[in-house]
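Please take a moment to look over the sequence and the model, and then follow the text below with both of them in view.

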Amino acid sequence: LVNRMGGTIDVESELGAGTITTICLTFELPTEEQLAAHQHKDEILEQSLQTLSEKRVLLAEDNDLNAEIVLTVLEENGIHAEHVKDGALCLKAVQNAPEDYYNVILMDIQMPNMNGYQAAEAIRALPGKRGEIPIVAMTANAFEEDRRKALESGMNAHIAKPVDVSVLLETLSRFSCPFQTPMRRSGRFYFSFFSSSRFLEISSHLCFTQSGDLCGSCGVLNR
């Protein structure tokens, strides 16, 4: 591997003392565009953390190790997190909590008793704001078909495992911003979440009726 990367490897060994292995690899310096992109990513992450401060997340995950990692990441970034081990317990937690208690649900898919798809559908069937809580699938099922199935079950986004922390935090932040547009289709609620810049970008192209609905030429989208 070192040879294929154009590098060198040297080994120094002394009996009874140990071995020193030195690997030298040459990399190109980042371009101005790459540096700017990296800085932009850091700025987005910082904005995400500010948005997520003191928010409350419910994690449905049956694997204790996976749950411990995610809970640690959330709590270290100022997010209040609670953990349940299956979809049935997730549904029960939502039913028993006040309507505005949870900001986002992180939902694994393959869980005992009730899987993530079933849990999402059951939550969407709840009355009032409980049925409107944003749900983010967080699963090793990473194919396009899996993402589509998650959305069809009523979830709002899909994150593949292993989880990229920056992607996780940025995704969660999108569901905590003030520009949240609930949609109901076939008895289920769906949401579109926009950053402020994205909202301003698209708002000039939308036409609203006096009741707050998009006009027929723009689509069916209720406030």
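Not counting residues up to four places away in sequence, which residues does Gly7 touch? In this predicted model, the residues that Gly7 touches, once those up to four places away in sequence are set aside, are Val2, Cys24 and Leu25. Gly7 itself is found in the segment before β1 (8-14), and it counts as buried because its relative accessibility is 12%, which is below the limit of 20% used for that word. Although Gly7 and Phe27 are 20 residues apart in sequence, their C-alpha atoms are 9.8 Å apart in space.

With a relative accessible area of 71%, Asn113 is exposed, and its phi is near 70°, a positive value in a residue other than glycine. Most residues other than glycine have a negative phi.

The helix α4 comes next, and its N-terminal end is capped by Asn115, which has a side-chain oxygen 3.0 Å from the backbone nitrogen of Tyr117. Within α4, the residues Gly116, Tyr117, Ala119, Ala120, Ile123 and Arg124 are buried. Because these residues cover an arc of only 165° around the axis, they lie on the same side of α4.

Finally, turn to the loop between β7 (157-160) and α6 (165-174), where Pro162 lies. The peptide bond that joins Lys161 and Pro162 is cis, with an omega of about -5°, whereas most peptide bonds are trans.

Definitions and conventions:
Residues are numbered from 1 along each chain as its sequence is written. This is a predicted model: local features need pLDDT of at least 70, side-chain atom pairs count only at pLDDT 80 or more; totals for chains, interfaces and linings use all residues. Side-chain values use heavy atoms; hydrogens and water are left out. Helices (H or I, at least four residues) and strands (E, at least two) are DSSP runs, numbered from the N terminus. Buried means under 20% relative accessible area, exposed over 50%, partly exposed in between (1.4 Å probe, protein chains only). Contact means heavy atoms within 4.5 Å. The arc is that of the directions from the helix axis to the C-beta atoms. A polar contact is a pair of N or O atoms within 3.5 Å; within protein, one must be able to donate a hydrogen and the other to accept it, and residues adjacent in sequence count only if both atoms are side-chain atoms.
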